[in-house]
Amino acid sequence: MISEHTKEAIERVKSQVGDRLLEIDGIRKEFPGVVALDDVRFSLRKGTVHALMGENGAGKSTLMKIIAGIYSPDRGTIRLRGEEVTLHGPLDALERGIAMIHQELALMPFMTVAENIWIRREPLNRFGLVDHLQMARQTQELFDRLNIRIDPLSEVRFLTVAQRQMVEIAKAVSYESDVLIMDEPTSALTETEVDHLFRIIRDLKARGIGIVYITHKMNELFEIADEFSVFRDGHYVGTHASEDVNRDDIIRMMVGREITEMFPKEEAQITDIVMGVDHLTLDGVFHDISFDLRKGEILGLAGLVGSGRSNVAEALFGVTPATSGKIRIDGEEVIIGSPADAMKHGMAFLTEDRKETGCFLPLSILENMQIAMLQDNNVRIGFVDQGTVSRLCDEMREALRVKTPNMEERIENLSGGNQQKVLIARWLLTKPRILILDEPTRGIDVGAKAEIHRLISRLAAQGVAVIMISSELPEILGMSDRILVMHEGHMTGIIDRQEADQVKIMELAAR
Amino acid sequence: MEDVQIEPTARKEIRRLPSDLSILMVLIGVALVFEVLGWIFQGQSFLMNPQRLTIMILQVSVVGIIAIGVTQVIITGGIDLSSGSVVAMTAMVAMSFAQASGYERAVYPSLTGLPVIIPLAVGLCMGLFAGIVNGLLIARTGIPPFIATLGMMVTARGVAKWYTKGQPVSFPTEGFATIGNGALPVFIFLGVAVIFHIALKYTRYGKFTYAIGANPQAARVSGINVQRHLVKVYAIAGLLAGLAGIVTAARAETAQAGMGMMYELDAIAAAVIGGTSLAGGRGKIFGTVVGTLILGLMMSGFTFLRVDAYYQEIVKGMIIVAAVVADVYRQKARSKKA
């Protein structure tokens, strides 16, 4: 124990002298309409684990992708082993010794472990053909070094998630990488697998490899990370050694911003229960979700990405129906097997991903807006009552102030905020009683954001029951009457507006 | 890069040229090229010959009828390879119920001289059935439309051959032969075109068809029963292939198992030349009609110029590929902007 401690102390002194593997300074990255990173710095020392912390959207992933060469920064410098570099793509980064262990694992399922590791670098025999024997031998040697016990000749599709991760790590090591990026590596692992992973990580540290480690989990931070940096809204907040701080300090650093945007919450009469949800479960995804939703109420749904928030919304709307549990509408139990069923009960669902599940990109604004309202009252013997429908759409466009020259414009030519308004209009035109909004203001500018907030408030005041999912705590806090917090598929609490604050939510969401 | 930033509006203007108009320009352009070549090489006008034009339109009517169904399938993001074989199958079966009375070697000697409505109904039902099978396979099992309709393509051709053990079926009643008489096939083609132009533009069926092709997930979340709708679309494509089979048989006054060979590809080509996007979500019946006419004009023009039939096929193949490449570039230009 003592010798271990001394070694660490020596390590630390050494690192302070120098030994910077990676230094990043003044990085800025913009995406259309958003500044993802601004003046961000970061430095990684040899033989350490450096954790990146922050809320969803704080810029961790963007930073990680810049380090891995996937994005190139608009401004700022990257120094690798003291030398300034420009990374031309992930392959270039890999060849310079930076390897990323992907969150969605990037292995080819129908090829063997060995083939996956040595792809592009297969050992050849004298006929110029791949020498599988040699390849298997190389793989075994590599695994022996890393204490990994996987058959090099088994196909990747037969491996568990944890084993695949090991393969990816081995692959990275095989490139002689000394900078490893791990994006929430434990998110799909069991406890024993996590222990194994951590043993390997410690081993890698001992070899002098530096690891950039993204996590949401506090306990991991204390267990494996030597130091950590916190980001917030694309800005660098600070770097500390993990032994110098406690949970509360970190949470404060992560959420510490002022609520600068105004949330125009109108007073709404919260009356009868419209929807009751009992023990709703989707096997393997979320469990035992129960709540009541009242007329005029805005129920916030908070939790980290992957906590199952969106899955609950999809189950309520019948996109992926729940496997057990009950949904009651106006006190009567209903079965919602498809979005069409949900719509019959007066529900509407603004999905999280505008491009994937919202917009019909090649179609006009009008076509996009009217699609959900083409139900029986607007259709006569198959023919759309286009006069009425167009008029209603036009009114809605004006009410929501969609900025467009005309309704025939293709929706793909609109800004994100205007697209979002069109999609909201699509649902408002169905006159919903229950409105589910998944990230209603993601990726849109501040002005449109405020307009959408006002609109949601007004709808609640008119008696619509709203469920709102958001990764932005200020938005959740500013808009919701109650907040349901989820963590890894479970409900960890419902907090009333008066009692809610950022720290409380983060505590429930990040345990 | 700089161009793009300096004149985004100009780019937009160019693309805003209605696609209807631009495809018409292509048609006129092709016609004029043949007109000029006609005077140069044949010393006569290509266009000022009503007979030639009538024959040309007659020849492509059948492909045109199929193409109208195929266009709808492609708009949903699918494909239908079975239409040519369905033409053969329905031609055979319909003709076997349309044989003139007293014809001894009829397929069903006791069922000759039936009123025209019977072979018509039988043929349409055959086509509809093939289409429904396609649709159910695709919607219920989730196999790619390419595979499902490839299976139907082989199967229906097999049925056509098996039905009479490869023998042609001939001697239709006068009533049945009338369907293929004179310019009637052209009117059927144009009638079908008008019906589905209206259906795609003004009915919920049409709106849902485009929506599914543009984004199937969004369509489902918007409350559309995507599976049921796909069955409808493939059923209509099958029905129209059946109609095309009836017209083919009536026009030839005989039915053979080898009929309609490669019609599915001509139909797809007509749709794509007419601006229907293989990526789904975009396409118009008007474009398909013009695309069909462009195909017909090319074939007729080459024959007029006495170009070897082999060259005709080579050129046709290249035109189809060129049309798809153009579509791919359109898509790329769009996604770059988005």
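Helices here are DSSP runs of H or I with at least four residues, strands are runs of E with at least two, and both are numbered from the N terminus.

**Setting up.** I'm working on a predicted model, where local features need pLDDT of at least 70, side-chain atom pairs count only at pLDDT 80 or more, and totals for chains, interfaces and linings use all residues. Residues are numbered from 1 along each chain as its sequence is written, while chains are lettered from A and ligands numbered from 1 in the order in which they are written.

Most residues other than glycine have a negative phi. I looked up N147(A), which sits in the loop between α5 (132–146) and α6 (161–174) of chain A. Its phi is near 60 degrees, a positive value in a residue other than glycine. Is N147(A) buried or exposed? I used C-beta atoms placed from the backbone: 20 or more others within 10 Å make a residue buried, 12 or fewer make it exposed, and anything in between is partly exposed. N147(A) has 11 other C-beta atoms within 10 Å, so it is exposed.

Next I went to E439(A), in the loop between β19 (434–438) and α16 (446–461) of chain A. E439(A) is not a glycine, yet its phi is positive, about 50 degrees. This residue counts as buried because it has 23 C-beta neighbours inside 10 Å.

**Entry 2, a helix pair in chain A.** Two packed helices are described by the angle between their axes and the distance between the axes. I took axes as lines fitted to C-alpha atoms, for helices over the stretch in contact, with angles from 0 to 180 degrees between N-to-C directions. Helix α14 (residues 386–400) of chain A packs against helix α15 (residues 416–428) of chain A at about 130 degrees, with the axes 10 Å apart. My scale calls angles under 35 degrees roughly parallel, over 145 roughly antiparallel, 65 to 115 roughly perpendicular and the rest oblique. So α14(A) and α15(A) are oblique to each other.

Which residues meet here? From α14(A) I noted M396(A), R397(A) and L400(A), and from α15(A) K421(A), I424(A), A425(A) and L428(A). Contact needs C-beta atoms, placed from the backbone, within 7 Å. By class, this contact of α14(A) with α15(A) has 5 nonpolar, no polar and 2 charged residues. (Ala, Val, Leu, Ile, Met, Phe, Trp, Tyr, Cys and Pro count as nonpolar, Asp, Glu, Lys and Arg as charged, and the others, Gly among them, as polar.)

Helix α9 (residues 184–202) and helix α14 (residues 285–304) of chain B have axes that come within 9 Å and cross at roughly 150 degrees. That angle is why α9(B) and α14(B) are roughly antiparallel to each other. On the α9(B) side I found A193(B), F196(B), H197(B) and L200(B), facing I285(B), F286(B) and V289(B) of α14(B). The contact of α9(B) with α14(B) has 6 nonpolar, 1 polar and no charged residues.

How many residues does each chain bring to the contact? I have 19 from chain B and 24 from chain A. In chain B, α10 (204–214) and α11 (216–221) each supply at least two residues of the side touching chain A. The largest share of that side, 6 residues, comes from α10(B). By class, the side of chain B that touches chain A has 8 nonpolar, 7 polar and 4 charged residues.

Key. Two residues are in contact if their C-beta atoms, placed from the backbone, lie within 7 Å.
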